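Hello,

Here is the structure for you to look through. Please open it first, then read my notes below.

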Amino acid sequence: MSLLRDVSPRLWSIRSSEQVALAKRAAQITTELQQGVKKPYKNVIDVSWGDPHRGGLKPLTFVRQVVATCLYPSLLNSEALPVDVQQRAKSLLGQCDGGSVGSYTTTRGIPKIVQSVSEFISQRDGGVQSSPENIFITSGSQRSLMMVLKLFVQSEGFTQTGVLTPVPSYPYFNMALSALGGTMVPYHLCEEQGWKLKVEELRRALHVARGHCNPMALYVINPGNPTGHVQSRKSIEDVIRFAAEEKLFLLADEVYQDSVHDPSCEFVSYKKVLFEMGPPYSNSVELASLNSISKGYFGESGFRGGYVEFVNLDPTVVGYVYTWFSLDTCSAVLGQITLDIMAHPPEAGDPSYPTFSEEIRSIKDTLASNVHRVQDVLGDLPGISCQPIKGGMFAFPQLHLPPCVVQQAKEAGMKPDVLYSSLLLEETGLSVGAGCEHGQREGTHHIRLCIATPEDNMEDVLNRLSTFHLRFMSRLS
Amino acid sequence: MAENGVLHPERVLTLDTMNPNVKRVEYAVRGPIVQRAVQIEKELKEGVKKPFTEVLRANIGDCHAMGQRPITFLRQVLALCTYPELLEDNKFPEDAKSRARRFLAACGGGSIGSYSMSQGIELVRQDVARYIERRDGIPSNPDNIYLSSGASDAITTMLKLLISGEGATRTGVMISKPQYPLYSAALADLGAVQINYYLDESKNWSMDASELRRSLAEAKKHCTPRAICVINPGNPTGQVQSRQCIEDVIRFAAEENLFLMADEVYQDNIYAEGCEFNSFKKVLFEMGPKYSNKVELASFHSTSKCYMGECGFRGGYMELINLDPDVKVQLTKLVSVRLCPPVTGQALLDLVVNPPQPDEPSYPTYKKERAAVLAALADKAKMTEEIFNKVPGMSCNTVQGAMYAFPRIELPQKAIEAAKEKGQAPDMFYCMTLLEEKGICLVPGSGFGQREGTFHFRMTILPPTETLKVVLEKVEEFHRKFTEQYS
C-alpha cells in the first residue's frame, strides 16, 4: 500500500470529470479509424474544448511571425518578414534579459509589456486609470484564478471559505476552488431570460450559504461560459452594489471580452462600471479582473498567457500578494509576448495591418455566421432549445429529454447528458461537452459546443448533431 | 480605516482574513535584496551617482540573462513550429524541419497554440521515456511521466498530494539545509512541517545517513514525516552526490517509509573530476527488487538549466516510480486543474530529450555549442572556487556541479551586532552592504538555511568569464575591507 494513501482528503473531493472519459473515447475512436475500423463517419470532430485552434481556426500571422522571430533572432534580417514584425521583435528582445526569450522575467512580467497592458485597459475603459502596479501577467487565466483564490480561500479553521459561483459555470474554476479546499456557493443563472444574472438569486444563495460557510467572494463570468450571455451595464452595477453591501471580493472572469456577436450588446468591463459608479463603490469594492490570450481572436491557449488586474486591494496585503506571485518566478515569456501584441496590435499604416485586420474580421464573421447557423438549426429541431448566443465561444442548448431516457441513463449509472453525448460520439463521431460538467438546474440537461471553428466545420457539426438528434428522438416515440 | 480623511469600509482581503499560509511564504531569490538591486538600477538610470556604473546580478540561476547563447537547433525548431510558413524556407536544415512537422502533427489542429492533454502531449512523454532509458539503461513508461510548467510546478503538485493531517499527524517533509527556497516556500504555503537535515559542509556538502536519522527522530515527536527531498546536483551547494550517498538515502527512505523526491534539474551540469551524475532511479533499480519494487520515487527535470538555460519557456517533467494506481488517478485529476503546461515548453523538452544524432546535419553545431556552454561553466566553477579560497575569512567547497558557489564567510562580531541593530540577518547585512558599495547582487545564505552561527552567500557562476573575474575580485576587495571595518 502506498504512502500516498494518506493523500489529502481535500483532493479526493475534486469532482472527477466525465468529460475526460468522453475525451479518451474520442481519442480511441480516432485511433480505430486510423486502423481502418469501419464507421459511419470518416473522422472525429471535437468541439468539446474551448480551443479555437483545435477547432480549426488559424493563428494570427503577425503573432506567429513576431514570436518566431523572437525565438530565432536570425529572422530579424529576413526579407520575408514585414518591417513591423522585425521592429516589434527587436523591441521585445531588447526588453528581455540577455536579449533572449529564454530568460526569466520579473515577477509581474516584462515591465514594458505590463505598461502596454495597463494602457490597453485604460483605453478599453474610456480613459479610466490603470496602473502597472496593480497588474500581474500570468500563465493564463486559470493560473490567475488559482493564485487569486489562494489569497483568501482557507479550508482549515472554523469556517470554510465560500465563493458564489454561477450555475452553469466554467468547470475548471469549480475544480480549482475544490482543490484549494473552498466551497462553491451556487447561484443559478436564469435560462428562460437568456441566462441573465439576477441579484435576487445572488441574495438567496448568499443567505443559504451563511451559517455553513464563510462567503468571501463572488465569481462572475462575462461574457458567459458556457452561456454566451453578455451582461448589461445595469446588471453589472447591480452586482457591484450587491458585492459592496454584502462585503464580497469580486472575481470578474472577462476572457471572452472580445467575443460579442450580437451588435445590440456591448462588453463593458467591471472595472469601468465600478469607476463610473463613483465613491463609495469605486474606492472600496475589491475586484480582480482576468483576461487571457487563449480566447478571442488570438486563441493561443497553448502559449499560456493572461493577466490579472487588482482594484482596491488593501495596501497592507499588496506586499504579500507580490511575494505570492513571485513563487512562479515568472510566467511563460512567449505568452507575455503574445499579450503585448494583444494589448498593442498593429495599427492602420503598419505593413502588417491589412492582413491582421482582415484575419480578425474573418474570425468575427465566422463566429457571427456560426451563431446564426447554430440558432437556426437548433431552433428547428424538436426537443432541443438554445438561448440567444450574445457572446462567448459556445452554444449551450438544453436537451428536453423524455423520462425514459433519464431512466435509461440512471440504469446505466450515467448522467443523462453524458449518455446523450456518448451516443452522439459513437454514432456520429461528434464530441461535445456534457452539461453536467458545468452545473445546471436539477432535472435539466444540456450540451456545450464550441463555435470557434471554420464555417464548413460548423455545418458538419450541425449536420451530425441534427441527424443524430432526430434519430434519437424518433427512436423514443 | 480612514484615508485622506475619507472613511473606507473595511476590505474583504486584509492581513487578518488573508490565507495565513500565503503570509508565511518567503522566496529569497526574489526577496528584499533583489528588490533593492532593482531600485538601485532605477537610480542609476536616473543619473544618481554611485561607486559603480551597473549592478552585477549574480543572484538568480538565469543563464541567458548572463549572456549564455541559446542552442541554435532548439530555437530553429521552435520557430518552425510557431510559424510553419518557415518550413518552405531553405535556410532551415532538414532535421529541424522534420522535428517541427512531427511535433505539429501531435498538436490539436496542427497548432502549437492548442491546449494539450493535462499530462502533456503523448509523443513528448514517449520521447522523454526513451531519453530516460538511454540515460539509465532501465525501462521507463510514458504513462508515469507528467509534463509540467518547469520542475517547480511538478514539485508543488507532488507536495500537494503528500500533505495532509493535523497536529501530530501533519505531514512532515525532509529537505536539506541549505536548500533551494522554493521548497520552504511551498511547504509554508501548503502548511506542511519542514524537517531540515544538514548537509555536511566539511565533506563537500554530502548527505549523511546518521544526520538523516537524527533529523527524522526529532521530527517524529511533532509531526508525521512522509517524504524526503533531495537536490542532486545541489542548489545552492553544487555538490554531486556520490553513488554511495544515493544508496544510503534510498535505503533510509525504504526503512523509514518515506516518499523520495529527487530534484535532478542540474543533471548535465557536472564539472569536477571524479564526479558523475547517477540518477536516483538508476541507483534504485540497481539495488535490486527489494528496493526497486518498494520505494516510491518522483524524479524531476527541467529545460531551465543544464546547457539549454531556457528558463522563460517553463518546460519540465516528473517521472513517478511505484505510485499507487489509485493515487495516480488523483494526481491526474489534480494536474488537470491547471489545464496544461505551455506547449512551447513541451516542444522544447521534446528536443532536449531527442537532440540531433551524429548522422544528422545539425549535429556538429549542436555538439559544439553544447560542449562550449558546459566547458565554460566548468572553467568558471573552478576559477570561482580557487579565487574564493585565497581570500582570508572565506572558504569555498568545490563547485562540483549546478550553477552556484556557496562560500562560507567569517563575519567579525561587530558586524554581527551592526546587523542585529538593523534587524537583519548578518549575511543579509553583508550582502546589502556589498550591493550598496560595489553594485553586486548576491543572495545571503540565510535565505537558503545554514548551521547556526555560520554565514554564507550564494553566487551564480553564470556571468561571462571576464565579468565573473571582475565580480570575484570586487567581492574579494569588499570582504577584506568589510572585515577590517568591523574588527
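Across the interface of chain A and chain B, 32 residue pairs are in polar contact, with both residues at pLDDT 80 or more. A polar contact is a pair of N or O atoms within 3.5 Å; within protein, one must be able to donate a hydrogen and the other to accept it, and residues adjacent in sequence count only if both atoms are side-chain atoms. On chain A, helices that give two or more residues to the side touching chain B include H1 (9–12), H3 (61–71) and H11 (315–326). H11(A) gives the largest share, nine residues. Helices here are DSSP runs (H or I, at least four residues), numbered from the N terminus.

This is a predicted model: local features need pLDDT of at least 70, side-chain atom pairs count only at pLDDT 80 or more, and totals for chains, interfaces and linings use all residues. Residues are numbered from 1 along each chain as its sequence is written, chains are lettered from A and ligands numbered from 1 in the order in which they are written, and side-chain values use heavy atoms, with hydrogens and water left out.

The contact (heavy atoms within 4.5 Å) takes 86 residues from chain A and 85 residues from chain B. There are two salt bridges between chain A and chain B. A salt bridge puts a side-chain nitrogen of Lys or Arg within 4 Å of a carboxyl oxygen of Asp or Glu. B:Glu10 forms one with A:Lys247, and their closest N and O atoms are 4.0 Å apart.

Best wishes
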